[in-house]
Amino acid sequence: MIESIINPLHTSWGIWSITLGSAWLVGVSKSGLKGIAMVTIPLLAHFYGGMASAGLLVPFLVFGDLFAIRYYYKSLRWEHIKKLYPYALAGIAMALVVGGMISDGQFRNIIGISVLLCLGLIFYRDYSGASDSFTRQNWFARILGVSGGFATMIGNAAGPIFNLYLLSMRLPKNSFIATGAVFYLSLNFLKVPLHFFVWKSISLETLQLNFVMLPAVWIGSVTGKYLVRFIPEREFRIFVTVVIAVSAVLLFF
């Protein structure tokens, strides 16, 4: 009886523990060490399959966003959310249409290449003394918004893309975390019914597991909030840059 409550998907306890650790990493990522939870995407996909793992992960992301907003809401920058949101919605709509037409591998490769190219542009801007005007252009927001919306619907892989945009805006770390959390939360709330009713990758059993593991997300959020206090602004930017690059490379595997 107890096992049916805490392990409704009846996986092995090894997989259950890995899922619990993934929930903790989501909390750490959302409230502090941005992007580190990207490692959970290929990990959960290996054990649950691509679409099923995406549905399992979405409620964890919602929980993590809520905790992050609670900690950092005073630093929120609404103007960046308003700029990206219409394009992200267009990306989600595109994903619903073409999601079944490309393989997981093809999608990950496209996103990985796109992220690395954009990261290269920002790296060039930061260290060559070149003008940063291109990151302020509407086309830059449109490309990252649409590709991020597409990526978040297909495989919850929008983290590197949206973090890339916020990184290009040179936001302080608390504003970076707060703005990202509100933006992700709005998209993740939208994705829950789509996963449930359209793709059927969320079920009552997966939701039960999400709530069983809710404390792990909370503990992760507390851990992330504690750790980020000791990271100076410059080092935080470097950390996010490295995580974005590693996350993009992981998409090829």
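Reader: Among contacts between residues at least 6 apart in sequence, what percentage join residues at least 24 apart in this protein chain?

Author: That comes to 82%. Keep in mind that this is a predicted model.

Reader: Then what does pLDDT say about the chain as a whole?

Author: The chain averages 82, and 86% of its residues score at least 70. Helix α10 (residues 204-212) has the highest mean among the elements, at 96, while helix α6 (residues 104-128) has the lowest, at 67.

Reader: How many helices and strands does the protein chain have?

Author: Twelve helices and zero strands. Of the 253 residues, 51% are buried.

Reader: Let's take single residues. Why is T11 called buried?

Author: The cut-off for buried is under 20% relative accessible area. T11 is at 19%, so T11 counts as buried. T11 sits in the loop between α1 (2-6) and α2 (13-31). Beyond its neighbours within four places in sequence, T11 is in contact with W16 and Y48.

Reader: H10 is in that loop between α1 and α2 too. Why is H10 called exposed?

Author: Exposed takes over 50%. H10 has a relative accessible area of 56%, and therefore H10 is exposed.

Reader: Which residues of α3 are buried?

Author: In α3 (residues 40-48), they are T40, I41, L44 and Y48.

Reader: How do you know that the buried residues of α3 line one face of the helix?

Author: Look down the axis of α3: the buried residues fall within an arc of 95°, so they share one face.

Reader: On to helix packing. How do α4 and α9 cross?

Author: The axes of α4 (residues 50-72) and α9 (residues 173-198) come within 8 Å and cross at roughly 145°. The crossing is left-handed. Among the contacting residues are V58, L61, V62 and D65 of α4 and A181, L185, N188 and V192 of α9.

Reader: What classes do the residues in the contact of α4 with α9 fall into?

Author: There are 16 nonpolar, four polar and two charged residues.

Reader: N188 lies in α9. What makes N188 buried?

Author: With the limit at under 20%, N188 has 3% relative accessibility and therefore counts as buried. Apart from its neighbours within four places in sequence, N188 is in contact with K30, V58, L61, V62, D65 and T152.

Reader: How far is N188 from T152, in sequence and in space?

Author: They are 36 residues apart in sequence and 8.3 Å apart in space, C-alpha to C-alpha. How do we know the two are in contact, then? By their heavy atoms, since contact means heavy atoms within 4.5 Å, and T152 is on the contact list of N188.

Reader: At what angle does α2 pack against α4?

Author: At about 35°, with the axes 8 Å apart. The crossing of α2 and α4 is right-handed. T19, A23, V26, K30 and S31 in α2 meet residues of α4 including L61, D65, A68 and Y72.

Methods: Residues are numbered from 1 along each chain as its sequence is written. This is a predicted model: local features need pLDDT of at least 70, side-chain atom pairs count only at pLDDT 80 or more; totals for chains, interfaces and linings use all residues. Side-chain values use heavy atoms; hydrogens and water are left out. Helices (H or I, at least four residues) and strands (E, at least two) are DSSP runs, numbered from the N terminus. Buried means under 20% relative accessible area, exposed over 50%, partly exposed in between (1.4 Å probe, protein chains only). Axes are lines fitted to C-alpha atoms, for helices over the stretch in contact, and angles run from 0 to 180 degrees between N-to-C directions. A crossing is left-handed if the near helix is turned anticlockwise from the far one by less than a right angle, and right-handed if clockwise. Ala, Val, Leu, Ile, Met, Phe, Trp, Tyr, Cys and Pro count as nonpolar, Asp, Glu, Lys and Arg as charged, and the others, Gly among them, as polar. The arc is that of the directions from the helix axis to the C-beta atoms. pLDDT is the predictor's confidence in each residue, from 0 to 100.
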